[in-house]
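Here are some notes to read alongside the model. Have a look at it first, then work through the points.

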Amino acid sequence: SRTDAAAINHGKLQTSDGVPILLSINVNDPWEIASIDAATAAGIGLLRSEFAVRSLADTANEDKQFQIYRRALEWAGGKPVTIRMLDIGGDKPLAGLEDDSGAMGMRGIRLLLARPEIARVQVRALLRAAPFGNLRVLLPMVTFPSEIDDMRRIFAEETGLLLRRKIAHRLPQIGMMVEVPAAALMLDTFDNAEFFSFGTNDLAQYLAASARDGSDLSAYRDKAAPAVVRLITQAMTLAAGKPVSICGDMAGDPSALPALLAAGLRHFSVAPAQRPAIGSALVGLNADGTRAAGD
Ligand code: PEP
Ligand code: MG
């Protein structure tokens, strides 16, 4: 039946007119995947690693991080697992790294590059986990290509360190969240990103100038949805044929799917609880976002 369309084929679906679609899951808690059947998803489209790092002490715990990433890769059995580097700051504070600059300030890759000792631990854990599956590393809150160059330099240096220590490792693909409007508008300048993933939660907050942790402003962010879709549609034309997905909450809203399909998106990553409804909605639509005949 249409309802379990996503479940029957490892998250590989087709629109009503036969265009292939991937449906992956977002993982917020690395422990929750134990109760999820990997056969229901194309992979993990977003693993929010701040949930693997619950304290300042954890930021220095390479082995704890390595075990968690390895478990996610083994769970996926060779399907892509997209682990996002720490997005600390803004709506995701960590005790001991307090900073009152908020959503517009020191968070995500900005904080990682300002505190490279934290980035280096995570990079080593990721490099060591990579041989256990199909790892893709996602960088949060990227604004400029130079930030990716800086993080790639850290990957290269830590690779050198692991080589000298004869520790098994592999360099994963490195891509970026598209969640800062300046990056979305300039997507064609990110030669150093191997894949893109749209973060509509942050895009909406920045486009509507409405903080996402201020619940009274949620109506502003909701009303900005057409602006978010327009920006995504423009950015899709700048993606240079690289793999693109969407992992923000908009992907889990069935009413947004026609516009996202029309923009050209073919890979959706949603919370596990939303996967069946989104799967059944996608197979009832044509790839141009129109509703299938007779539906
Ligand atoms: C987003 O911003 O849409 C996103 C997926 O990341 P997060 O919600 O973790 O900031
Ligand atoms: Mg975000």
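1. Among contacts in the protein between residues at least 6 apart in sequence, what percentage join residues at least 24 apart? It's 67%, with a contact meaning two C-beta atoms, placed from the backbone, within 7 Å.

2. A quick word on the ground rules. This is a predicted model, where local features need pLDDT of at least 70, side-chain atom pairs count only at pLDDT 80 or more, and totals for chains, interfaces and linings use all residues. Residues are numbered from 1 along each chain as its sequence is written, while chains are lettered from A and ligands numbered from 1 in the order in which they are written.

3. Now the overall build. The protein has eleven helices and nine strands (DSSP runs numbered from the N terminus: H or I of at least four residues for helices, E of at least two for strands). Its C-alpha trace spans about 60 × 40 × 35 Å along the principal axes.

4. Next, Arg84, which sits in strand β4 (residues 80-84). Arg84 counts as buried because it has 25 C-beta neighbours inside 10 Å; the cut-off for buried is 20 or more other C-beta atoms within that 10 Å, with these atoms placed from the backbone. Leaving aside neighbours within four places in sequence, its contacts include Leu46, Arg48 and Met177.

5. Finally, ligand 1. Leu46 and Arg48 turn up again in its surroundings, among them also Asp87, Glu179 and Cys247. Helix α7 (200-207) and strand β3 (44-48) each supply at least two residues of the shell, and α7 gives the most, with three.

Definitions and conventions
A residue is near a molecule or strand if its C-beta atom, placed from the backbone, lies within 6 Å of it. A residue is buried if 20 or more other C-beta atoms lie within 10 Å of its own, exposed if 12 or fewer, and partly exposed in between; C-beta atoms are placed from the backbone.
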